[in-house]
Structures are given as C-alpha cells and as structure tokens.
Amino acid sequence: MTSQAQLQIVTKRKLNLNGKIGPTLHCHLALFFITLWTVTCQAEYFSSIDSIPVLAIAEEDLIEWYGNFLDSQEQDFAVYRNFIERVKEEHELALEDPEAYLGNPINAYKLIKRTVVDWAAIVGNVRNSTALQALKANLTSLTSAMPLPDISELRGAAKGLGRLQTMYNLKTPDLADGVINGVYYGSELSAHKCFEIGSNLFEAKEYPLAKEWLQLVLKLIYKGETARIKTSGDFESDFDGDVGDEDITEPEANEVSGTEDKKQQTKEALDAEMSRNRAEYDNEYDNDDDDDDDDDDDEDYVMEDLIYEPRYGVFAPVVLYDWDENGNIINQTDIEKSDSLNNATSAFDKDSLTNKLLNETLEYLALTSLELGERKETEIYINEILDINPEHAFKDLLLFMNIKESQNRAAFDSLIDLQRYEWFANYSRLCQGEQVEQKERHQLKCKLDTHNHPLFILAPLRKEELHADPEIVVYHGLLSDKHIVDILEQSEAHMVRSRVGGVDEFTVRDVRVSQQAWLTYHSPTLKYIHRTVSAISGFDLSNAEDMQVANYGIGGQYDPHHDFFDNFDHKAKSPWIGNRIATHLFFASDVEQGGYTVFPLLNVYAKPVKGSMVMWHNLHKSLDRDKRMLHAGCPVVKGTKRICNIWVHSGYQEFSHPCGLVNDNYKSAHI
C-alpha cells in the first residue's frame with residue numbers, strides 16, 4: 001500500500017469501461033471515477049522527473065484495488081447471471097401472450113415479487129457492496145493525499161516529446177518504435193498513442209509536429225499494421241471494440257468505386273510530407289496574430305443539431321476532443337455515435353475501432369493543414385473524409401476554406417518560433433555534443449589549480465577551461481554524493497514549477513520546463529558550498545541569492561536566455577544590490593542523454609558531470625550586460641537532470657572585481 005509519505009503528489013486519467021460489465025455496476029463505478037478524476041490538481045508531473053515515480057506507486061495500488069474488487073465480485077456476478085437467465089425465460093413467455101400470461105395470478109404475483117424483492121435485493125447488494133465501499137474508501141484516501149495529472153499535464157508531456165524532436169532532429173517513426181536518439185529503449189507506441197500525441201500537439205498549436213504524428217497514424221492504418229493499432233497497453237482499445245489478429249486489408253477496387261484512387265492520392269501526399277524536412281514549414285507558418293484566447297471566449301450556438309465552431313466558421317462538431325471547464329473529455333454526442341455506426345459500412349471496410357481512428361486522424365489532419373495554410377493538403381484530407389461519409393460536417397469546411405484564410409496562430413513559446421532565431425542551428429548542434437571547429441579551442445587546458453587560496457593548497461582544484469574570453473570554466477569534484485543527497489532531501493518538499501522573469505515579476509512559461517526550490521545557507525552542506533564558491537570566485541556572497549535547486553522533466557529544458565536582468569533598475573527596491581554579475585551552476589546528477597548547458601554564441605557546451613561546477617560572468621568589468629553569455633539548458637532525452645544555481649550580484653564586489661581603466665562593453669556591442 002502507498003504510504004502517506006509517498007502520496008504527496010497523484011493522477012487524473014480517463015478510463016473507458018464501455019460494454020464489459022453490467023450497466024448497474026458500470027454506473028456505480030462511473031460515480032467513483034467522477035470522484036477520483038475531478039480532484040483539483042495542485043502538483044505538476046511533466047516538468048520534473050522526480051515527481052513521476054509517485055504515479056507508478058499510485059497505479060500499483062489501483063491495480064491491486066480493482067483486482068481485489070473484481071475477484072470479490074466474481075461469485076456475486078455468477079448469482080446475478082443465473083437470476084437474469086431465469087427471469088429472461090419468464091419474460092419471453094410473457095411477451096408471447098402478455099394478456100394470457102399476466103392473467104394467471106401466479107405469474108402476476110411472481111412478476112410483482114421479482115420487482116419488489118429480487119431486483120431490489122440485487123440493486124441493494126450492488127449499492128451496498130462491501131467490496132465496492134472498500135474500493136471507494138481507497139480511492140478517497142488516495143485522492144485526498146495526492147492530486148492527479150490533468151489534461152494540461154498530458155499536453156505538456158506531448159510538447160516535451162515534440163521539443164526533443166525539434167532539438168535533436170528525432171524522427172517520429174523512430175520515437176514510435178521506441179528508438180530515442182539512436183538507442184532502442186523498448187517502449188513502443190501504439191497507433192492510438194501516436195494519435196493522442198498528435199491531437200495533443202494540435203491542441204497546443206504545435207501544428208507541424210502534430211501533422212507528423214498524425215501522418216504516421218494514417219500510414220500505420222493504410223499499411224494494415226494491426227498490432228500497432230491495438231496493443232495490450234491500450235486501455236481504451238481493450239474496451240472499445242474487438243480487433244482480431246488478422247491484417248486490416250485495403251478494400252478491393254470493385255467493392256467501392258473510386259476508393260482506391262482517393263486512397264492512393266492520400267498516400268502519395270503522406271509520403272511526400274513525411275520526407276519533407278521540418279524546416280520547410282518556416283516559410284509556410286505565419287504568426288500574425290498573438291491573441292490566442294479570443295476564440296476561447298466565443299459561445300457555441302446550436303443550429304439543426306450542429307455546434308457552431310467559430311474557429312472554422314462551420315456548424316459542426318469539428319473539435320473531436322472537447323474539454324469542459326474541469327479538463328474532462330466531453331463524450332461524443334448521439335449524432336456522432338450515429339455517424340460512427342454509419343461509417344461501419346463505409347468505403348473502408350475495417351473494424352469499428354480502426355474506422356473510428358481513421359476518421360478522427362483524417363479530421364485532425366484536415367484541421368492541421370488548414371492552420372498551416374496548406375490548402376491543397378487540406379482538400380485532400382477533406383475529400384477522403386467525405387468519401388467515407390458524404391454527410392460529414394466537414395463538407396461545410398471544404399466550402400469555408402475557399403473564402404477564408406487560415407488563422408495560423410502559434411502557441412505562446414512555440415517550438416516553431418524558436419527555430420527562427422539565427423543561433424538556433426548552433427544551439428541544436430551543441431545540444432548534440434557537436435562544435436564548430438575553432439583554432440582558439442586548442443589553447444584551452446585542464447589543470448590542477450590552487451587558486452592562490454589556502455583552502456586548495458593541499459587539495460588543488462581540478463579546473464577545465466571551456467572558453468578564454470569571456471571565461472567559462474568547470475571545476476570538477478566539488479560536491480560528493482553525500483552533499484548531493486543532503487541537498488535533494490532538503491529541497492524535496494519545496495519543489496514548485498520553475499518561473500522566469502525579472503527582479504520582482506516571475507511567470508510560468510514553456511521556455512523553462514523544470515521544478516525548483518530555494519535553500520538558504522544554514523545547513524552544514526550549504527555552508528560548505530557557500531564557503532567553497534566564495535573561495536573559488538573571490539566574490540562577497542553576502543550579496544548572493546539563495547541557492548536554487550532544479551529538476552528537469554519530460555523534454556525538460558531552459559531555452560536560450562541571459563542570467564542578468566534585462567530591465568534592471570538600480571533604484572528599484574530589491575533584496576540584492578546590483579545586477580547578477582556571475583553564475584555558479586552545479587550538476588547534481590549525470591544525464592544519460594542530453595541535458596547539456598550550451599552557449600550558442602560562443603560555440604561552447606558543458607556536459608553534465610555529477611559534482612562539478614560551471615562558472616561564468618554575466619557582466620563586463622564595466623558592469624554592462626555581456627550579451628555573449630546567452631546560454632541554455634538542453635532538453636533531457638533520457639535520464640534525470642538536477643542542478644544547483646548560485647547567482648552573485650555586483651554590489652560589494654568593487655575590491656575583488658574592480659572595473660578596468662577602459663570600458664570593455666565593446667566586446668558584446670555587435671550582438
């Protein structure tokens with residue numbers, strides 16, 4: 001069982017139990033799930049790897065609880081089935097001649113007795129089941145101890161995968177096959193999970209990446225890869241229809257006239273799009289409107305059983321997965337379900353599960369292409385949809401796209417926007433551990449350094465030079481495992497989502513995906529760090545910020561930024577005097593793949609090495625901002641990245657780091 005200490009942070013998953021258990025029990029379980037999944041989420045999981053293991057602990061409990069519940073109910077279910085079979089026989093006799101049957105007083109008595117006693121007993125047994133009450137108590141205790149992820153978490157995790165693709169040039173099919181940056185980790189994605197990633201990237205307005213994932217789903221369907229469409233890990237698939245082991249074959253030409261031509265046209269478009277380099281989207285993707293929320297406030301109007309969707313100007317349920325104010329999925333309407341039934345006899349004679357996935361994938365692809373301004377591709381997908389269902393609501397979208405330009409509105413902190421910076425190519429290259437060859441690099445050294453300080457005479461510093469001017473150095477072996485464990489234990493209970501901003505204003509943005517805590521220099525470990533940093537740097541740390549401890553999550557990173565405050569005002573009220581003059585970054589973990597700290601404008605990267613410290617200055621000697629010090633924390637591909645930051649401000653440093661006779665801000669004037 002999960003301890004109270006472990007249950008500090010829990011899930012908000014959505015489970016579909018259609019058609020596999022009795023309706024009465026299904027209703028009661030649904031009530032429990034409503035209770036479970038509507039807990040207000042106070043934690044965040046995708047932004048910190050350290051937060052995720054508790055979900056596995058919670059899931060282990062859920063498996064045990066529901067397993068015990070189903071085992072305990074097995075005998076009761078057998079009794080209920082026998083009773084229903086007997087009643088069914090009596091009911092069939094009654095239907096043959098109701099008047100004659102009910103005219104028999106014994107039969108009338110038996111019917112009344114069943115209604116008053118037998119059925120009431122079954123309903124009461126289900127409602128008052130000891131096992132059901134125990135399950136409810138367990139779920140209540142679980143959700144009261146820890147909040148669960150919601151839909152925003154799912155989209156954040158999807159965007160994390162997209163961020164890895166963008167930075168490391170990872171191919172979508174490789175990720176789906178469990179291959180990350182050339183290494184197979186054995187965690188494959190089914191077609192349904194690929195669709196979920198694509199649809200969540202669409203909702204996050206990462207349209208080019210969404211299109212890649214959705215095209216992969218379509219390709220899997222057309223290839224008939226049934227095993228990739230349904231796997232044992234897909235909960236929804238297990239309860240949403242039965243899929244056999246046989247391959248899903250394409251329809252014969254003589255069965256549906258014109259279908260093969262339409263399919264071939266779509267497949268050719270897919271092959272062309274999948275081979276296109278993602279950078280080509282830059283010319284097509286136009287961000288003219290920054291107001292992303294205008295459409296969210298528009299009301300929906302019902303007209304002839306269709307919902308008016310203002311984003312696309314049609315009367316149709318064009319948003320396949322809509323969400324209510326609590327982040328819960330709104331189920332399909334009766335009209336949509338009816339359409340799904342009609343599609344069973346459509347041009348593509350596949351099982352209902354695959355047909356549903358095909359329809360929704362084509363719909364999302366049509367909307368994605370429309371957002372990207374790709375009218376030709378949009379028309380291909382819409383025609384494919386209409387070939388399956390001529391009365392589909394997207395027939396209005398086909399007319400609409402001819403009279404209205406696509407909106408092309410990117411999300412805040414869009415991955416596509418990041419690629420437009422001139423330093424992005426070098427940023428991506430450095431994150432992969434590659435540098436442009438430079439003559440100056442051959443003059444850099446690794447050496448033992450006493451730093452003219454008595455602390456290091458008997459224990460010299462292991463110094464590695466990464467760049468000469470501006471100076472960037474790494475000091476290895478400063479933190480022991482014991483130090484790191486102590487730091488992580490102190491920070492564990494105080495971790496919150498990292499914010500970015502200025503001196504007195506900080507906000508949560510996707511430019512930094514991590515969690516952080518702040519520690520004062522009162523414990524023995526923190527006193528040691530405070531003393532060591534002061535001895536190495538020569539700075540007066542009485543004007544330093546508390547040490548920041550950070551942990552990076554799924555695709556966790558910190559986009560290129562400067563550590564100094566851009567709009568620093570010396571007259572503004574602040575806990576510190578002056579701007580951030582220097583950064584001291586400790587690596588508290590090794591990282592299996594990714595997670596480098598890089599300087600795109602200086603062609604420098606620092607690989608995370610546990611216990612080491614990277615140090616650099618953010619200001620010139622003149623105390624002007626040194627714009628050359630643009631740096632970033634690369635996305636974590638595999639593993640966990642933990643760091644500690646100490647920022648020192650310029651006040652009280654005039655004797656240890658005096659200004660020069662000549663203003664040296666000219667060194668970064670060209671940036």
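## A helix across a sheet

Start by selecting helix α18, residues 424-431: this helix lies across β14, β17, β18 and β20 (631-633), and runs at about 145 degrees to β17. Keep in mind as you look that this is a predicted model.

Now show the strands under discussion. In what order do the four strands of this open sheet come? The order is β14-β20-β17-β18, with antiparallel pairing. Colour the edge strands next: β14 (558-561) and β18 (604-606) each pair on one side only. Turn the view to compare strand directions; neighbouring strands of this sheet are turned by 15 degrees against each other on average, direction ignored.

Zoom in on strand β17, residues 597-599, which is joined to β18 by three bridges, the two strands running antiparallel. Pick Val598 here, and you will find Tyr605 of β18 standing opposite.

## On to the nine-stranded sheet

Select the strands β6-β7-β8-β19-β15-β22-β13-β12-β9, given here in their sheet order: these nine form an open sheet with antiparallel pairing.

For the last stop, centre on β9. Its link to strand β12 (residues 514-519) consists of two bridges, and the two strands run antiparallel. Click on Arg497 and look across to β12, where Gln515 stands opposite.

Technical notes
Residues are numbered from 1 along each chain as its sequence is written. This is a predicted model: local features need pLDDT of at least 70, side-chain atom pairs count only at pLDDT 80 or more; totals for chains, interfaces and linings use all residues. Side-chain values use heavy atoms; hydrogens and water are left out. Two strands pair if DSSP finds at least two bridges between them. Axes are lines fitted to C-alpha atoms, for helices over the stretch in contact, and angles run from 0 to 180 degrees between N-to-C directions. Contact means heavy atoms within 4.5 Å.
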